[in-house]
Amino acid sequence: MDEPNDRRDLYEEFESEVVKRGNTEAFFDENDLIEIFDYASDYDNYIVKMEVLLYGAIHYPKSEALATRRAWLYYSFGDVETTSELNKRVGSAGVLNKLLDLRARNAGLELSDEEVIKALDGILEETEDFDDEGIIQFTDYAMELRLEKWLLQNKDRIQSKCSYPQTFLYEFADHLEENNDLPTAARLFEELTMFEPFNLDFWLRLATVQINSDDYEGSLSSAEYALAIDPDSMMGLRIKGASLYRLERDPETVVGIYRRIVESNEAEDTDVSTLAAALMETDRQQEAVEMLSKYIERHLDSRLAIDVLLVLDRDKAAPYVRSLIASDLLSEKDAVEWARNHVVHGQFASAAVVCLTYDEMKGFEEEIPFLIEISYFALRFDDVIRVYHNKFLKTKWPYIPAISFPYLMSLVRTGRRQEALDEAKDILNTVRSFHKNHNTSDMATLFRLTPASTAALLTGYIEHLKNIIHALKAPEQIPADEFDPMLQ
């Protein structure tokens, strides 16, 4: 939930004056410190929280509210014994004290759900008005123990105990969204917008849940409300553009929205890819290429933008691939994973650019069969032959299908049929000879397969080699596609 500016300003002032400058004489009253501590808790800033407690110990040593928060800090560190001791010193009248006592008693999850619910029911019954921190901690603990059903059943009762029920609804909805209960989260965020129809954050949270639920009409409507409040909201524009895009509606508006986002300082890689897709759908491929190139120039490590450019114009993308690899941000494993992301979409040519560039600049060592196969399916037959000769002629056992078949068929497809025939015969003889001199278990270790799988592999391997040889020896030239084992 958007924090009031005065609370955020207090936090920033304390961080600047006390944490960074060490000015312990800067004035903050007790209420200020409580607000700052709770704000820091929202962002897990333990440094600020500890500094608040140190400052408070000097200036407000008798503050029960700060003592309670000190106990909460110990609890966050897992020191249940000290937590209980400190909490007892303060007393048990406050909501935070009662919750902390419950947490300490149930630190090992000894209590049943029924016992926890009874304790929460007691706190709820005894509380006249939850403050923000109290209801946040109350809701958080119930959600930690997966008691969302109980919270829903008691929702109206809990809200009646909050002078500002929006805090409860927001915290509850936030947890539900995190747990992927999007329909219930959407209902709560919608209720928040009815409480405060001019709260930008509420509309944006509702729109986000709706678009993630594939409710594109709903997310479009909520985004429009958000933009009516703040026409410059990048998140509002992003959700509106995404909703229109997924509804396949008004592509020119989508282009205009995403162009504005991409030109802002808040642009994300996904914005760029969506704009590129929208430009493609309006027959502006060259404009998409130019936009991507300009964006990558400013964000050289943007893998997503480079990926999209690889699909649209590999020649334009190649220098950026080289630049990313040269930056030492990628290992061979990373390069292979990058390439696989293209393979799953059938983009073998893009995958080959990544792998071959990495091999040229740093050298593949472990995933050479993958490099050869990808190059083959990308129709980079000369590269297959080159890598095979550079990487495998010096090794003891290059004769596995993932290497041999792409190599032999690359020779065929580059018009070197006699060479392919000679190589196929040599590979077949080597495989047969090796098989005679080694049992299936030895071969299984070599292929890193079970004995049964190895036997099946060898049988199929030999038969495919024989088929290639027969085809190449045929009096009439048989088209490569008819005996390519990787197409059958």
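Cys-355 is buried, with a relative accessibility of 1%, and Cys-162 likewise counts as buried at 8%, where buried denotes under 20% relative accessible area, exposed over 50% and partly exposed the range in between, computed with a 1.4 Å probe on protein chains only. The model is a predicted one, in which local features need pLDDT of at least 70 and side-chain atom pairs count only at pLDDT 80 or more, while totals for chains, interfaces and linings use all residues. Residues are numbered from 1 along each chain as its sequence is written, and side-chain values use heavy atoms, with hydrogens and water left out. A disulfide is a covalent bond between the sulfur atoms of two cysteines. When a disulfide is taken as a pair of cysteine sulfur atoms within 2.5 Å, the count comes to zero.

Helices were assigned as DSSP runs (H or I, at least four residues) and numbered from the N terminus. Helix H26 comprises the 21 residues 417-437, and its end C-alpha atoms are 30 Å apart, in agreement with the 30 Å that it should span at 1.5 Å a residue, the expected span being 1.5 Å times one less than the number of residues. The buried residues of H26 are Arg-417, Ala-420, Leu-421, Glu-423, Ala-424, Ile-427, Leu-428 and Val-431. Their cover includes helix H24 (381-391), helix H25 (401-413) and helix H28 (451-473), contact being defined as heavy atoms within 4.5 Å.

Side chains of opposite charge can pair when their charged atoms come close. With a salt bridge defined as a side-chain nitrogen of Lys or Arg within 4 Å of a carboxyl oxygen of Asp or Glu, the structure holds 29 salt bridges. In one of these, the closest N and O atoms of Glu-144 and Arg-103 are 2.8 Å apart. Because Glu-144 lies in helix H8 (residues 132-144) and Arg-103 in helix H6 (residues 95-105), this pair ties together parts that are 41 residues apart in sequence. Arg-103 is buried, with a relative accessible area of 6%. Arg-157 and Asp-121 also meet in a salt bridge, at 2.6 Å from N to O; since Arg-157 belongs to helix H10 (residues 155-160) and Asp-121 to helix H7 (residues 113-126), the pair joins parts that are 36 residues apart in sequence. Arg-157 is partly exposed at 28%, and Asp-121 is partly exposed at 25%.

Within helix H24, Arg-386 and Asp-383 are three residues apart and thus separated by about one helical turn, and their salt bridge brings the closest N and O atoms to 3.1 Å. Arg-386 is partly exposed at 35% relative accessibility, whereas Asp-383 is buried at 17%. A network of salt bridges links Glu-252, Arg-259, Arg-284 and Glu-287.

Glu-332, in helix H21 (residues 332-343), is buried yet has no salt bridge, and the nearest side chain of opposite charge, that of Lys-391, is 7.8 Å away; in this assignment Lys and Arg count as positive and Asp and Glu as negative, with His and the chain ends not counted. A polar atom of the Glu-332 side chain lies 2.8 Å from the backbone nitrogen of Glu-366. Leaving aside neighbours within four places in sequence, the residues in contact with Glu-332 are Tyr-358, Gly-363, Phe-364, Glu-365, Glu-366 and Glu-367.

Notes:
Helices (H or I, at least four residues) and strands (E, at least two) are DSSP runs, numbered from the N terminus. A polar contact is a pair of N or O atoms within 3.5 Å; within protein, one must be able to donate a hydrogen and the other to accept it, and residues adjacent in sequence count only if both atoms are side-chain atoms.
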